[in-house]
Amino acid sequence: MAGLIPQHFIDELLARIDIVEVIDRRVPLRKTGQNYSALCPFHDEKTPSFSVNPDKQFYYCFGCGAGGNAIGFLMEYERQDFPQAVDTLAMVAGLEVPKERTEKPEKVARRKDLHGLMEQAARFYQKQLKEHRDSQRAKDYLVKRGLSGEIAKAFQIGFAPPGWDNLMKALASDDGTRQLLIDAGMLISSDDKCYDRFRDRIMFPILDNRGQVVAFGGRVLGDDKPKYLNSPETDIFHKGKELYGLYQARKTVRNLERLVIVEGYMDVVALAQHGIHYAVATLGTATSEDHLRKVFRYCPEVVFCFDGDEAGRKAARRAMETVLPLMEDGRQARFLFMPEGEDPDTQVRTIGTTRFENLILNASPLETHFFDALSAGLNIDSLEGKARLSKLAAPLIQRLPAGVYRELMLGDLAKRTGLTATALQNVLEHNPPAEAEPPPRREPRQKPPAPSLPESKRDTLLYMISLLLLHPASANALFDEALPALNNPYQKTLESVLALLRKRPESSTAMLLGHWQGQPEGEVLTRALSLEKPNYDAEKAALALKECLSHLHKQQHQSELRLTVDKLRNANYAELSEDDKQKLREMLQRKAHGD
């Protein structure tokens, strides 16, 4: 019976295997000091930036940001899913992988049945494209779009014939199977009637990371609406997480340098037909953070490709704001707009592969598109325009992860507006990003709040996570302390790490990375590995954690003070009581002294 792999087994496995041996079998390593290094296998480079730490049992690339434990390396390098990677390492370690019965057998069996039916549906549609008497229109359409039989086969393109019950007759052998087809979104049940969802359409199977069919998209051949119809959400399909064509791209391109996100199935297939095998499409939804996390798991660069009309510009603005929090150093985002009335499908057929790839390579970098989009309609030569640009741009820049790129963006904004760093910080304090509290005013350089402590509390929490990750024993310093409640994207992960270390104090760096492998917390831990940290032992790390906590409490106090001052300032001063007036004067004095 299928089940989950127990966490205690994953911990034992990671304790038994040596990450240096695992990686060295696949990528030759060279001893450099206490660590090992190599040219990164996940991106092209001439100088080694890929490092393996034998003591902590993790790897990290300072060039592209890839990092994790031995399981994560196999998942990335050999494109295995989590269970496959565990099985591979277990064979090396001579261990048998146990399973936990955490799911009811009927749920496991149900998902297996759904996957099986979707595979049958895909084969049915492919057969109809070859043999059905009404399939010539579909074949003519595909030929007209320039698709070869080879590409149609690679993407498993099929045909849903006209009629209400073709699929139902072919696959629904009994009531149970009919209900499963309804649950899979392939049949519609309404008013005691049951009929095929997809009729007279070219069918595009949607594959998950393992190459299993989880859903379909169908393009109409007649005048029916909508032009494109997607499967609904099901137990095995979540459209906010899947990308059409990603499985084929990973299968075709060994080391992906970039992925181009386009808007339609035919755009993906047409680009592949012309030798551009790294395009993917969202499934009728805007690009989400989940989509982009998946993209950056496989390559360091994303290119957003949109129509050049107003709708395309609006979609680009949404994509720009979505990608900002994920732009760690080493990642790239670009924006490419098609000419009016064109899409990637028509454009690549018009100008050819070489010129289209040149468009991709010369697409606008995020920073260029960012300032162009925000400056649209503004006279940035005027003081009013500069002020407006600052107010629009500064909070968005603050969404970027801490690092060189964010500092460069702030520097660019300062040049464009003529503002000083202090003035920009004031803008940030009064215009915080939606998901974070206002960043504190920077402390004077001569009295930093903690050694190597980042300047914003958003960074401080990530810094604390990095200390716990590399020195799990230092968690004792925080067990009896209360964390301030912060509206911060890293707080949940920090609390989860502390809870795990309280429960299992023997955890190592590799075990922590393995505990959240493939989950959002795991991505935060990998991000934490990228921070520059002093060469602490567990005792010094514990002291640094306490100083970080003190720093956070002080920031929270200052934030509450600012809110109170602003509230009193915004009130009618003449109507304030003498006590409130005195309170306001005292608070202004305390705020001026940084208390």
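Visitor: What share of the 595 residues of the protein chain counts as buried?
Guide: The share is 50%. Buried means under 20% relative accessible area, exposed over 50%, and partly exposed in between, with a 1.4 Å probe and protein chains only. This is a predicted model: local features need pLDDT of at least 70, side-chain atom pairs count only at pLDDT 80 or more, and totals for chains, interfaces and linings use all residues. Residues are numbered from 1 along each chain as its sequence is written, and side-chain values use heavy atoms, leaving out hydrogens and water.

Visitor: Why is Cys299 called buried?
Guide: Its relative accessible area is 4%. That value is under the 20% limit, so Cys299 is buried. Cys305 has 2% relative accessibility, so Cys305 is buried too.

Visitor: Why does Glu242 count as buried?
Guide: Glu242 has 12% relative accessibility, which is under 20%, so the label holds. Glu242 sits in the loop between strand 11 (228-230) and helix 10 (246-252). Helices (H or I, at least four residues) and strands (E, at least two) are DSSP runs numbered from the N terminus. Leaving aside residues up to four places away in sequence, Glu242 touches Leu207, Asp208, Phe237, Leu283, His291 and Lys294. A contact means heavy atoms within 4.5 Å.

Visitor: How many helices and strands does the protein chain have?
Guide: The protein chain has 24 helices and 16 strands.

Visitor: How does the reach of helix 13 compare with the span expected?
Guide: Helix 13 (residues 310-323) has 14 residues. The expected span is 1.5 Å times one less than the number of residues. That gives 20 Å, and helix 13 reaches 20 Å from its first C-alpha to its last.

Visitor: Which residues of helix 13 are buried, and what makes them line one face?
Guide: Gly312, Ala315, Ala316, Ala319, Met320, Thr322 and Val323 are buried. Seen down the axis, these buried residues fall within an arc of 160°, so they line one face of helix 13. The arc is that of the directions from the helix axis to the C-beta atoms. They pack against helix 12 (289-298), strand 14 (301-306), strand 15 (332-337) and helix 15 (366-375).

Visitor: Why do we say that strand 3 and strand 4 pair?
Guide: Two strands pair if DSSP finds at least two bridges between them. Four bridges join strand 3 (residues 50-53) to strand 4 (residues 58-61), and the two run antiparallel. Phe50 has Cys61 as its bridge partner in strand 4, and Val52 stands opposite Tyr59. Strand 2 (residues 35-38) also pairs with strand 3 in the antiparallel sense, over three bridges. There, Ala38 partners Phe50.

Visitor: Which way do the residues of strand 3 point?
Guide: Phe50 and Val52 point one way, Ser51 and Asn53 the other, and all are buried. In a regular strand, side chains alternate between the two faces of the sheet.

Visitor: In what order do the five strands form the open sheet, and which strands stand at the edges?
Guide: The order is 1-2-3-4-5, with antiparallel pairing. Strand 1 (30-32) and strand 5 (67-68) are the edges: each has a single partner strand, so one side of each lacks a neighbour in the sheet.
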